[in-house]
Amino acid sequence: MGTGAGDACAPVRFDTKIAVLLRDDLEPWQRLNVTAFLVSGLGTVSPEVVGEPYEDADGTVYLPMFRQPVLVFQGTKETLTAAHGRARSRSMPSSVFTSDLFGTGNDRDNRAAVRAVGRDRLDLVGMAVYGARNAVDKVLKGARMHA
């Protein structure tokens, strides 16, 4: 992670990127739900993305959060499928959310729904990916920033 010329006030530019890619036909509530689910496991496999706990002026301690922004993109079903293939071919840490997960109500059923479908036939509505900035940019080729 670089911080400019060593100035504590200089903008931080991260060497890595956390990105979420959502299918562009989701309802607003689905976009929020899918995004939250997709990024939830990242800190368990890449603990360096999680910062220190927060504390307010009264000494109340809050949970740590990601140390860098999560960038959210959108694209067509085809864009999402292509990005998934590129992430897999690069062995990048990623998570997926399929349309089947909207009909389940717990973690066990979520995992079973994904396990029941082959990788190339998943009906993806979202994915998250983490890695080097340029590698993530290549995975997301064709996607646009979420508005």
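The model is predicted, so local features need pLDDT of at least 70 and side-chain atom pairs count only at pLDDT 80 or more, while totals for chains, interfaces and linings use all residues. Residues are numbered from 1 along each chain as its sequence is written, and side-chain values use heavy atoms, leaving out hydrogens and water.

**The sheet**
- An open sheet with mixed pairing is formed by five strands in the order S5-S6-S1-S4-S7; strands are DSSP runs (E, at least two residues), and helices are runs of H or I, at least four residues, both numbered from the N terminus.
- At the edges, strand S5 (94–98) and strand S7 (144–145) each pair on one side only; pairing requires at least two DSSP bridges between two strands.
- S5 runs antiparallel to strand S6 (residues 124–132), with five bridges, and Phe97 has Gly126 in S6 as its bridge partner.

**The helix on the sheet**
- Helix H3 (residues 77–89) packs here, touching strand S1 (16–23), strand S4 (70–75), S5 and S6; contact means heavy atoms within 4.5 Å.
- The direction of H3 makes about 40° with that of S6; axes are lines fitted to C-alpha atoms, for helices over the stretch in contact, and angles run from 0 to 180 degrees between N-to-C directions.

**More pairings**
- S4 and S7 run antiparallel, joined by two bridges, and Gln74 stands opposite Arg144 in S7.

**Tyr62**
- Tyr62 lies in strand S3 (residues 61–62).
- Tyr62 is partly exposed, with a relative accessible area of 42%; partly exposed lies between buried (under 20%) and exposed (over 50%), using a 1.4 Å probe and protein chains only.
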